[in-house]
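Subject: Structure handover

Hi,

Here is the structure I promised you. My notes on what turned up follow below it.

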Amino acid sequence: MPSSSTRKVTLLGATGSIGRSTLDVIAQQPDAYELYAVTAHRSREALLDICLRFAPTRAVIGTESDAEWLRMQLREGGRGDVDVSHGEAGLLEVSRAAEVDTVMAAIIGAAGLLPTLAAVESGKRVLLANKEALVMSGGLFMDAVTRHGATLLPIDSEHNAIYQCLPMQHRGGLSRHGVSRLLLTASGGPFWKWPLAELEAVTPDQACAHPNWSMGRKISVDSATMMNKGLELIEACWLFDATPAQIEVVVHPQSIVHSMVGYADGSVLAQMGNPDMRTPIAYGLSWPSRIEAGVEPLDLFAISRLDFEAPDESRFPCLRLAREAMQAGGTAPATLNAANEIAVQAFLDEKLSFLDIARLVDATLAATEVRAADSLDVVLCEDARARQLAERLLHQRSF
Ligand code: NAD
Ligand code: MG
């Protein structure tokens, strides 16, 4: 039976890779966490299974007809008490609900922005996996965190590692806290050692077969192009008040060091662990204490060596495009993100080659004027405009 100290959790994106890992951690701590709401876009069978197993108070699915189907199945399964709603309105409600103290933001892509912001504006503890939300609206998002007294805990493994290695107080400029640089590690993805000529013919399944991490398809492709590291560079700038120049990307193929913080006195603090998202998820859920996450202990003798290399931006232009978008500021990162989402989907649908992902993003950015990102309306308008433009360039094959 949950006690009064039980944290009530809304899990946005419960059927995804992060969603499933979060459920696994919560299942190990039934007294500490209670699922208030779970959400999914299209995977109604998977959401039904989660509802039958965890008996949340509420569930949200993409469409009205899927909500009807879910209600019927839940009644048949003896769980007719789960309140089912649908669409964006449903997502906003479960992010804002007064009963909830913790929201895990694990929807993929720009679709996660409004529900995540709703949680921030309701002053929740927000566990941020959805990096695209921060990339799109960084300044507005971080202002909202401060204004509404939300607690923002990064779940992306690199940012979680940096958070663990930074002093507790780190906002207001890194150098004020003795920090000289952030070392963002990257596995290099499945194609790190491949000759450039062979990358043109890469298939979606090859791109999604990450050597160290098991993830959703979109982020797996982002890892293969290294756009993921580009988005993470932008994410780190916002989360830690850093400039792109203060962030160094380090390729570390074993994915054991999850990132590092360099200090003015020459110290470098690293956070290590097996590549398992349950570690950062458990950290976010239990912060500032620690809980069991079900993760295998790190066996350094079995790993035996850790390698570090410099990234090659000529082979992975997405990293450069992301850094340039952050330097350009304003709505440029939102444009980059939107064009990338279109390009990755086209690649997964086999309408675009692997190397053309970067070309399409580059062409979209080149054809777009940067605006000041001073309101959410501007950000959403630029996001929509960039999607249309990327679709048009894709259709005309002009990139
Ligand atoms: P995924 O594709 O496995 O799951 C995405 C979830 O979002 C699913 O539950 C899906 O139903 C839901 N969803 C998809 N489109 C939606 C829409 N339009 N509206 C509402 N819900 C929608 O993705 P994932 O790999 O779990 O990644 C989730 C987020 O976490 C991403 O932003 C990703 O960058 C970030 N992240 C993931 C990992 C990882 O290991 N998977 C690591 C770091 C960060
Ligand atoms: Mg990451």
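Strand 6 is covered on both faces. Arg125 and Leu127 lie on one side, Val126 and Leu128 on the other, and all four are buried. Bear in mind that this is a predicted model.

Strand 6 (residues 125-128) pairs with strand 5 in the parallel sense, over four bridges. Valine 103 has valine 126 as its bridge partner in strand 6. Alanine 105 stands opposite leucine 128.

Strand 5 is buried on both sides too. Thr102 and Met104 point one way from the strand. Val103 and Ala105 point the other way, and all of these residues are buried. On to the other neighbour of strand 5. Strand 1 (residues 7-12) runs parallel to strand 5 (residues 102-105), and four bridges join the two. Here valine 103 is the bridge partner of threonine 10.

What is the order of its seven strands? The sheet is open, the order is 4-3-2-1-5-6-7, and the pairing is parallel. Strand 4 (83-86) and strand 7 (151-154) are the edges, and each pairs on one side only. On average, neighbouring strands are turned by 20° against each other, direction ignored.

Next, the metal. Which residues coordinate the magnesium ion (ligand 2)? The donors are Asp156 (OD), Glu158 (OE) and Glu232 (OE), at 2.1 to 2.2 Å. Their spacing in sequence is D-x1-E-x73-E. Aspartate 156 sits in the loop between strand 7 and helix 7 (157-165), while glutamate 232 belongs to helix 11 (residues 227-240), so this pair ties together parts that are 76 residues apart in sequence. Aspartate 156 and glutamate 232 are both buried.

Then ligand 1. It has 21 residues around it. Those that come nearest are Thr15, Ser17, Ile18, His41 and Glu132. A polar backbone atom of serine 17 is 2.9 Å from an oxygen atom of the ligand. For isoleucine 18, a polar backbone atom is also 2.9 Å from a ligand oxygen atom. Asparagine 130 uses its side chain: a polar atom there lies 3.4 Å from an oxygen atom of ligand 1. How much of ligand 1 does the protein cover? The figure is 87% of the 830 Å² of accessible area that the ligand has on its own. Helix 1 (17-27) and helix 6 (131-148) each supply at least two residues of the shell around ligand 1.

Last, helix 16 (residues 354-366). Why is this helix described as largely enclosed by the rest of the structure? Because 10 of its 13 residues are buried. Among them are Phe354, Leu355, Ile357, Leu360, Val361 and Leu365. The buried set also includes Asp356 and Thr364.

Best wishes

Definitions and conventions. Residues numbered from 1 in each chain as written. Chains lettered and ligands numbered in written order. Predicted model: local features only at pLDDT ≥ 70, side-chain atom pairs only at ≥ 80, totals over all residues. Heavy atoms only, no water. Pairing = 2+ DSSP bridges. Axes fitted to C-alpha atoms, helices over the stretch in contact; angles between N-to-C directions. Donors = N, O, S within 2.8 Å, 3.2 Å for Na, K, Ca; no water. Buried < 20%, exposed > 50% of the residue type's maximum accessible area, 1.4 Å probe, protein only. Near = heavy atom within 4 Å. Polar contact = N/O pair within 3.5 Å; in protein donor to acceptor, adjacent residues only side chain to side chain. Areas by Shrake-Rupley, 256 points an atom, 1.4 Å probe, with all protein chains shown as cover.
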